[in-house]
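Welcome to this guided tour. Please open the viewer, find the selection tool, and follow along one stop at a time.

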Amino acid sequence: MFKEVSLGQYYQADSVIHRLDPRVKLVGTLLYMISLFVFNNIFCYAVAALLLASVMMLCKVPVGYMFKGLRAVLFIMLFTVVFNVFFTTGDILFEFGIIHISKEGIKMAVLMLVRLTLLIVSASIMTLTTTPNRLTDGLEKLFRPLKLFKAPVHEVALMMSIALRFIPILSEETDKIVKAQTARGAKFDSKKLIERVKSLIPLIVPLFVSAFRRASDLALAMEARGYHGGEGRTKLYPLKYEGRDFVSYIILALYVAVIVFLGIMSARIVAFLTPENSYLTLFF
Amino acid sequence: MKIIKAEKVTFEYIRRDEEGNVEGINRAVDNVSLDVKEGDFISILGANGSGKSTFAKHLNSILLPTEGTVWVDGMDTKDEEKINKIRQTAGMVFQNPDNQIIGQVVDEDVAFGPENMGIPTEEIKERVEEALKTVGMYEFIKRSPNSLSGGQKQRVSIAGVLAMHPKCIVLDEPTAMLDPTGRKEVIRALRALNEVEGITIILITHYMEETVYSDKIFVMHKGSIAMEGTPREVFSRVDELKEYKLEVPQITLLAHTLRQRGLRIPECVLTVKELTDAIKNC
């Protein structure tokens, strides 16, 4: 019932993308997402898609996995497409009763679709190629400067990795409790919403009690093994930048430069490419 | 050389009601004194609520005695400054294997202790490999702890303590949640550690079978030490052990019953082989 809970859907493979420092991947994905939001013209998207395609080629993850994430947002995608197509005003291309489809509407819908796809696929690639542990390590290192403002960076990172470690244990426990309560006549599959919510109480209460007990045990075990906060800790796998990481940063910088350039110049390029009344204007 | 020395240790839990007023005092450990020689295999036996786990937590400075003193390798556990050194000298393994594994991969978990000690990366790697080899878990180095059996998880926990290079390991009912195979695995690993590496083992348990090979047994009852001696000395007092709600190993019990029925069998029998030999000689 709860077996399919899987966070951090890591796909084990041996590729350059897998070996990249998690910080590079985090910064890269973030910049990439920002670039998709700031500039929305076809040239920028073309360059962005090109970059994504080359990363996809390099990362040795089956394409199906990368697009899996899209299923979750399928509804949102349909929603945006429908809204943009039917409710954007502009040059009417087609009209039927109250329905009117404009050129701008179609353009917006297509751009949104492309943007969402690129966003989701890029985020999927990051989680598919980075273990949750490396991800938290990367976050810890990246946010280290916040320590100056007394932010508990190390603690939050440790909490995240412990949470990830306990997800399968707690989901197994949930399973056990569900079975135990079902055996005693509890029903978890009522059709009525209120009853269904109520039926969760005999599940949640024991789960919380046990989670707290585990937390207290774990704290004791950590203390017994000499844990005393992030001060003076070393790492089994410290994050260290290597040649490929610097190369990736350079590629990233180039990408940003190209995107910014295209973003600013797009109007002129469009004007240059499309003489008045050309059919091509539909695309821009 | 005494690795652990406890002198008149008393520990009290204070029960409070909802307003925080003192409702009563539970004396979990009552005037316990014991010495442990370096390199020994010591067992502390006791039924539920005998105070054995509470006492164990004193050996690694998790709990501090209300009265009395505990010395670990000459260091007073009350000494705040030495706390890290004490925890490194006397490592501790707990009952529930799931609740003491921190890492998501076996090697990362074993590295947790050395990481806390600030050991350089290269050396951590060596220690992790060495510790996992010692407990026979090296082939699982890259596995997720969730995919291991209970006994294997417990061996990983032991490796996690070993990687800190302790002189002494305290195990608080490490086998209580394991199946018989897992129990055997853990006990075998502990004996090897004791015999090959010379590490002092303090095993806290209520399974008497596990204590057969120890150098010395302490039996705790209601917070104090009720019996102490070699396994042979302790197990020969079958009726007394029953009073403390402990069950002697089946083979010892059988020999004891046979003896009561008039068979000429020596006072205390610990293994099947001893009993068969004794019966043959009858």
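Which residues do ring pairs link into a cluster? Select A:Phe75, A:Phe79 and A:Phe83, and you have that cluster on screen. Before moving on, keep in mind that you are looking at a predicted model.

**Stop 1: chain A as a whole**

Follow the chain along its sequence and the pattern reads α-α-α-α-α-β-β-α-α-α-α-α-α.

The accessible surface of chain A comes to about 17,400 Å², and 72% of it belongs to carbon and sulfur atoms. Of the 284 residues in this chain, 37% are buried. If you display contacts between residues at least 6 apart in sequence, 73% of those in chain A join residues at least 24 apart.

**Stop 2: aromatic pairs in chain A**

Hide the surface and look at the rings. Over all chains, the count comes to 8 aromatic pairs. Select A:Tyr32 and A:Tyr255: their ring centres are 5.7 Å apart and their planes are at 25 degrees, so this pair is stacked. Planes under 30 degrees apart count as stacked.

Where do these two tyrosines lie? A:Tyr32 is in helix α2 of chain A and A:Tyr255 in helix α11 (residues 243–273) of chain A, so the pair ties together parts that are 223 residues apart in sequence. A:Tyr32 is buried, with a relative accessible area of 4%, and A:Tyr255 is buried too, at 5%.

Next, select A:Tyr241 and A:Tyr249. Here the ring centres are 5.6 Å apart and the planes are at 70 degrees, so the pair is edge-to-face. A:Tyr241 is partly exposed, with a relative accessible area of 30%, and A:Tyr249 is partly exposed at 24%.

**Stop 3: a helix under cover**

Select helix α7 of chain A, residues 132–142. Which of its residues are buried? They are A:Pro132, A:Asn133, A:Leu135, A:Thr136, A:Asp137, A:Gly138 and A:Glu140.

**Stop 4: the cores of chain B**

Let α3 of chain B lead you to the next stop. In soluble globular proteins, nonpolar side chains tend to be buried together. The largest nonpolar core here has 33 residues. Select B:Val110, B:Leu132, B:Ile158, B:Ile169, B:Leu171, B:Leu190 and B:Leu193, the members that touch the most others. The elements giving two or more residues to this core are α3 (106–110), α5 (121–134), α6 (150–162), β7 (168–172), α7 (180–197) and β8 (200–205) of chain B. Helix α6(B) gives the largest share, 5 residues.

Zoom in on B:Ile158. Leaving aside residues up to four places away in sequence, B:Ile158 touches B:Val93, B:Val135, B:Leu171, B:Val186, B:Leu190 and B:Leu193. A second, separate core has 31 residues, including B:Leu34, B:Ile42, B:Met75 and B:Cys168.

**Stop 5: a threonine and an asparagine**

Select B:Thr10 in strand β1 (residues 2–16) of chain B. Is B:Thr10 buried or exposed? B:Thr10 is buried, with a relative accessible area of 3%. Among the residues it touches are B:Arg27, B:Val29, B:Pro65 and B:Glu67.

B:Asn31 is another of the residues touched by B:Thr10. A polar atom of the B:Thr10 side chain lies 3.1 Å from the backbone nitrogen of B:Asn31. Look for B:Asn31 in strand β2 (residues 22–37) of chain B. B:Asn31 is partly exposed, at 47% relative accessible area, and has a positive phi of about 55 degrees although it is not a glycine.

**Last stop: a histidine in a loop**

Finish in the loop between α6 and β7 of chain B, where B:His165 lies. B:His165 is not a glycine, yet its phi is positive, near 55 degrees. This histidine, B:His165, is partly exposed, with a relative accessible area of 38%.

Technical notes. Residues numbered from 1 in each chain as written. Chains lettered and ligands numbered in written order. Predicted model: local features only at pLDDT ≥ 70, side-chain atom pairs only at ≥ 80, totals over all residues. Heavy atoms only, no water. Helix = DSSP H or I, 4+ residues; strand = E, 2+ residues; numbered from the N terminus. Buried < 20%, exposed > 50% of the residue type's maximum accessible area, 1.4 Å probe, protein only. Polar contact = N/O pair within 3.5 Å; in protein donor to acceptor, adjacent residues only side chain to side chain. Contact = heavy atoms within 4.5 Å. Core = buried A, V, L, I, M, F, W, Y, C linked by side-chain atoms within 4.5 Å. Areas by Shrake-Rupley, 256 points an atom, 1.4 Å probe, with all protein chains shown as cover. Phe/Tyr/Trp six-rings, centres within 6.5 Å; stacked < 30°, edge-to-face > 60°.
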